[in-house]
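Dear colleague,

Please find below the structure that I am handing over to you. My notes on what was found in it follow directly after.

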Amino acid sequence: MRVGLFIPCYVDAFFPEVGIATLELLERLGCSVEYPLDQTCCGQPMANSGAQDDAASTEAHFVECFKNFETVVGPSGSCVDHIRFRFDAIEETAETQKVRRGTREFVEFLHDDLKVGEFPWASFPHKVGLHNSCSAVRGLGHARPSELVYEPEFSKTRDLLANVPGLELIEIDRPDECCGFGGSFCVTDEAVSAKMGYDRVHDFYRHGVEYITSADMSCLLHMKGVIDRLKLPMKVIHIAQILNGGPS
Amino acid sequence: MMASAARPVDPEGRAARFIALVEHETTHDRLVWGMRQNRDKAAAGVPDWEKLRDLASQIKEHTLSHLDEYLEQFERNATKLGTQVHWARDAEEHNTIVHDILSKHGVKSLIKSKSMLQEECGMTPFLQRRGIEVTESDLGERIQQLSHEPPSHIVVPAIHKLRSDVATLFAQDLGTDPKNSDPHYLAEAMRENARPRFLEAGAGMTGANFAIAETGGFVVCTNEGNADIGASVPPLHIASIGIEKLIPRASDLGIFLRMLSRSALGSPLTQYTSHFHGPRHGGELHVVLVDHTRSDRLGSPDFWHALKCIRCGACMNTCPVYRRSGGLSYGATYAGPIGVILDPGFDLDKYRELPFHSSLCGSCTQVCPVKIDISDQIYKWRRVMAEKGLLKLSKKVGMSALGTTLSHSTLFHGGEAVGESAIAYLPRFLLYNSLNPWGKHRELPTPPKQTFRQWYIANRRKA
């Protein structure tokens, strides 16, 4: 399958290893992966601030970069959530529609489209805490949100991680509480954002988690900032890195 | 929408001050999250909760889209029961109508149960300025009144306070022992203090949770029975009812009652569900139907769904930002997610910052028993603020620069030579955009030697 690789701007800048793991894993799974070099961002930072006019040209640029792909895969729930559900600063042309519909988040692509059942090359003998991001859970539907306790339980992320030898998933008190990143919220609402981050990290720490994993590097970036400040013996790791075999 | 000369509320700064009161914030988060957990258990215990949500939402949407008919039907049926119905376009008309009724009866003091609508209208200060003594009969609301603060939560108005705060307050106002913060002791002291006021009051005021078009009656839900004492002891009962409180039939009530207290506190019902159908023997019953911006909202395609709200507070309980902020940080009648989408409708300028006091986690939308798209509305209010030029300057300039850079690959990547790339600092703009607030409580990531793009060019680019 031919796949356009979308690497969100902050992953590109701060976590190249996540991009590399995503690329390598997709190739392992038989995809023919191309990374359009001109790509920048999905437009979410501006759109989330209400600045639709400023988001428009970035969204248009995204479509331009990926218009020749039937399938685009990106390792970020929040960016893909934006592209699929809120990407409306530009006119909804057939081309835009095709790109929006064809853009898949990494976990759902593996779980729903490729239906990957095992990761024989992977091994991760650690206690892992799963952080499903808000946009992944309540936007893309990676898992049953905790609010809908009366609905049947499911979790695509958990399904994938369950196939990694040695990995032990740890339950925490508030399964899908927001980590407080929230895009520019993390700086405009510093005190609340940081307190949410501290509380989230402590929930994992209390339960003996060694690695926090997520489909969203932005949440992990936030929690890593807290972990490093508090000098806690924990690490963060993107799910693509675990599924690709472990930290690289 | 009304313009305002008031300075915009600064929810971020207020929340930071609440968080600095460590014990207050941690206790508040724990108690309010506890209500969310109780709600989960209660919802899981009702078969077809999701169907109930759908049904409740549909009934509200139907009623709101035929509101004129239902309001007139309610008026006809209420009048038949002997209730005197009044119409108020805005807060001032509401307050004037209430004051006129009280004046006509020579009322000098009244007791009232909690009414968010009366809060909205600023009724208490209005009446107090005209020499009428107003006593809140709900314990939490009375605590707030003695503190000269508005309620911080729709259902539990003083939840942001510690027991010791209440002990200090009551020691000042009621002469209790400031060191004794036993809830029974404090509640008893308030009972002793309030009872005589209840017995002497010339009028009782309530709000309403539901007004039934088919019967002309209305329903008030409380956990303390305090609405009943207000409605039963004084000869005059005045109820303020927002026009969105209508439901068509008495049989619809069961759906909402099943959800209201379960969503709020996790209890099957409020302790008291009081039905009022006409004045009691020898008494007078007045209903004031209040618009106060509701018609404007009804005409807004993006925001009219907020009128479905039944004021359960579930969105506040689940909101991670509300739990850390405390309700007073919103500086408005309504706090939490529902406040963020309601308050700007009252005063766009004053509440311009509220839509940004959210991480957009979306949990509010999931717990709402009437399926209001709260999170989406928060997002849309941000657009309104941007369109009206009400973004903070730092945000305005920053987003425009970011938008330009991110739409031009060469500006963004700065060419392909290692080290030239603008991307190494651009996302950091988000973290550093003013005074580097990120670094106050969190470490910055160390930039890697190579971006992903640089790695790709070096390792994978086809010649």
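A residue is called buried if 20 or more other C-beta atoms lie within 10 Å of its own, exposed if 12 or fewer do, and partly exposed in between, with C-beta atoms placed from the backbone. By that rule, 61% of the 248 residues of chain A are buried.

The model is predicted: local features need pLDDT of at least 70, side-chain atom pairs count only at pLDDT 80 or more, and totals for chains, interfaces and linings use all residues. Residues are numbered from 1 along each chain as its sequence is written, while chains are lettered from A and ligands numbered from 1 in the order in which they are written.

Chain A contains 13 helices and eight strands (DSSP runs numbered from the N terminus: H or I of at least four residues for helices, E of at least two for strands). Its C-alpha atoms occupy a box of roughly 50 × 45 × 40 Å along the principal axes.

Ala122(A) lies in the loop between α7 (106-113) and β5 (127-130) of chain A. Ala122(A) counts as partly exposed because it has 19 C-beta neighbours inside 10 Å.

Yours sincerely
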